[in-house]
Amino acid sequence: MAFLDWTGVSQVGVQTMDLEHGQLVRQMNDLHARWTAGAPRPIVARALQALYDGTLSHFRHEEAHMRQHRHPGYDAHCRIHRDLLQTLTRFRDAFVKNGSALEQEFFDFLEQWLSRHILEVDARYADDLAA
């Protein structure tokens with residue numbers, strides 16, 4: 001069973017964003033599967049970097065889309081993205097640069113990110129941006 005289940009989840013209604021959210025969840029699941037299987041550190045590091053790169057790309061796309069549609073919550077949403085990216089960066093750097101282990105705390109963060117950000121925060125802009 002996957003770490004995070006994306007099937008049947010209400011999506012934001014913007015096809016490109018929904019596809020990217022699905023890709024992020026797949027990357028989270030891939031990273032978790034490699035971690036739980038005890039994959040070698042370089043393999044886990046590649047999966048973590050893929051998630052980081054996908055997140056950065058997605059945030060840029062989402063923010064551009066929000067800017068294009070003059071979404072009133074743009075500034076606040078960008079701050080949330082910045083905070084999420086800072087946390088992800090901290091975990092990534094601790095693992096890749098400092099040799100720290102990935103702990104359950106990291107996967108709790110990912111789960112919270114899915115449930116609070118994608119399913120709640122991103123869902124708020126669905127009506128404005130689906131047009």
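Modeller: Leu56 lies in helix α2. Helices here are DSSP runs of H or I with at least four residues, numbered from the N terminus. This is a predicted model, in which local features need pLDDT of at least 70, side-chain atom pairs count only at pLDDT 80 or more, and totals for chains, interfaces and linings use all residues. Residues are numbered from 1 along each chain as its sequence is written, and side-chain values use heavy atoms, with hydrogens and water left out.

Colleague: Why does Leu56 count as partly exposed?
Modeller: Buried means under 20% relative accessible area, exposed means over 50%, and partly exposed is in between (1.4 Å probe, protein chains only). Leu56 has 22% relative accessibility, so it counts as partly exposed. Its C-alpha atom is separated by 12 Å from that of Asp83, 27 residues apart along the chain.

Colleague: What makes Phe91 buried?
Modeller: Phe91 has a relative accessible area of 11%, so it is buried. Phe91 sits in helix α3. Leaving aside residues up to four places away in sequence, Phe91 touches Glu105, Phe106 and Phe109. Contact means heavy atoms within 4.5 Å.

Colleague: Why is Arg70 called exposed?
Modeller: Arg70 has 73% relative accessibility, so it counts as exposed. Arg70 belongs to the loop between α2 and α3 (74-96). Arg70 also has a positive phi of about 50°, although it is not a glycine.

Colleague: Why are α1 and α2 called roughly antiparallel?
Modeller: Helix α1 (residues 15-36) and helix α2 (residues 41-68) pack at about 165°, with axes 9 Å apart. Axes are lines fitted to C-alpha atoms, for helices over the stretch in contact, and angles run from 0 to 180 degrees between N-to-C directions. Under 35 degrees is roughly parallel, over 145 roughly antiparallel, 65 to 115 roughly perpendicular, and the rest oblique. Therefore α1 and α2 are roughly antiparallel to each other. Their crossing is left-handed: the near helix is turned anticlockwise from the far one by less than a right angle, where clockwise would be right-handed.

Colleague: Which residues of α1 and α2 meet?
Modeller: Among them are Leu24, Met28 and Leu31 in α1, and Val44, Leu48 and Leu51 in α2. The residues of this contact of α1 with α2 divide into 11 nonpolar, 6 polar and 4 charged. Ala, Val, Leu, Ile, Met, Phe, Trp, Tyr, Cys and Pro count as nonpolar, Asp, Glu, Lys and Arg as charged, and the others, Gly among them, as polar.

Colleague: What makes α1 and α4 roughly antiparallel?
Modeller: α1 and helix α4 (residues 104-121) pack at about 165°, with axes 11 Å apart. Therefore α1 and α4 are roughly antiparallel. The contact includes Val25 and Trp35 of α1, and Phe107 and Trp113 of α4. By class, the contact of α1 with α4 has 10 nonpolar, 3 polar and no charged residues.

Colleague: How do you know how α2 runs against α3?
Modeller: α2 and α3 pack at about 170°, with axes 11 Å apart. That makes α2 roughly antiparallel to α3.

Colleague: Where is confidence lowest, and where highest?
Modeller: Confidence is lowest in helix α5 (residues 126-129), at a mean of 65, and highest in α2, at 95. The score is pLDDT, the predictor's confidence in each residue, from 0 to 100. The protein averages 87, and 91% of the residues score at least 70.

Technical notes
Helices (H or I, at least four residues) and strands (E, at least two) are DSSP runs, numbered from the N terminus.
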